[in-house]
Amino acid sequence: MGIFIYVVIFNLSPLLVFSSARFLNTDEANTSVDENEDGEFFTRVDDMIFLSRRVKAGLSSTRFRWFGGMIPYKIQRGLPEEMYEMLHDAMDLIEEHTCIEFIEKTAEKNYIYISYSEEGCFSHVGMVNRGRQKLNLGRGCWKFGTIVHELIHSIGFSHEHQRNDRDTYITIAYENVEEGKEHNFKLDREMGLEFSTYEMPYNYASVMHYGSMAFSDEDDEPTIIPKKLSELSSKHVYYSALDDDGRPVIGLRKLTWGDVRMINLMYKDHC
Ligand SMILES: [Zn+2]
């Protein structure tokens, strides 16, 4: 039972040789802003929005997929050039490694509307088949890894730390969670959602994994504590680095091979 570390992933150029590179090009971590503004038809769980009446339907259902892996988008007018470029770089990174394509909306009915005027970073999860669906990147969301994270929600993914098997790999320290924010640590099944893990190992380094201080109360103690690698009964996990305690580092907000693999498995019959 060997330790499952993924080293080198994509040789982006034949001249580049990675000895310990496990990430694709993204930026630093940023915990998403929680928004509690529920619309008439939507339920928001942290930075993910679900259609209320469909919450129990589950996103492993293929009807939440984008046809052909093509995601039409429209950007709110007036987005500053620098942000426009960052957004496109994030799309390009996903396109480069997956079969997903972001295309400028023309006549398509369903599309993501990328806005920046509201507070918070949030997205619908998957294609909700209701025409325009918002992906908002407010102030504080303009970090490369955060944009990639929200785009991957729109592709159809939840959070890694909400996987139904996560308690095998991490401990949620509820005593350190800010009051009223406990729902952010529910398991997918507790939210009535069905997500497939595609039998992929738990990915501590996933761009969809929150950091240890997510929703921490004023005492500033960690809310997500990765188990020590030595304590895991199975070492079949993905991680990028261990801290001094031998715990995998989380909250890296970088696109990893594991994330890419999951996207390609989700869409393998669609694009
Ligand atoms: Zn999220």
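Residues are classed as buried under 20% relative accessible area, exposed over 50% and partly exposed in between (1.4 Å probe, protein chains only). The structure is a predicted model, in which local features need pLDDT of at least 70 and side-chain atom pairs count only at pLDDT 80 or more, while totals for chains, interfaces and linings use all residues. Residues are numbered from 1 along each chain as its sequence is written, and side-chain values use heavy atoms, with hydrogens and water left out.

Asp220 has a relative accessible area of 57% and is therefore exposed. Asp220 lies in the loop between β9 (202-203) and β10 (224-226); strands (E, at least two residues) and helices (H or I, at least four) are DSSP runs, numbered from the N terminus.

A zinc ion is coordinated at 2.0 to 2.2 Å by Asp47 (OD), Asp47 (OD), His149 (NE2), His153 (NE2) and His159 (NE2). Donors are N, O and S atoms within 2.8 Å of the metal (3.2 Å for Na, K and Ca); water is not among the atoms, so sites may look incomplete. Along the chain the donors of the zinc ion follow the spacing D-x101-H-x3-H-x5-H. Asp47, in the loop between β1 (42-45) and β2 (48-51), and His149, in helix α2 (residues 144-155), are 102 residues apart. Both Asp47 and His149 are buried.

Seven salt bridges are present, each defined as a side-chain nitrogen of Lys or Arg within 4 Å of a carboxyl oxygen of Asp or Glu. One of them joins Lys134 and Glu118 (2.4 Å, N to O). Lys134 belongs to strand β7 (residues 132-137), whereas Glu118 is in the loop between β5 (111-115) and β6 (121-124). Lys134 is partly exposed, at 27% relative accessibility.
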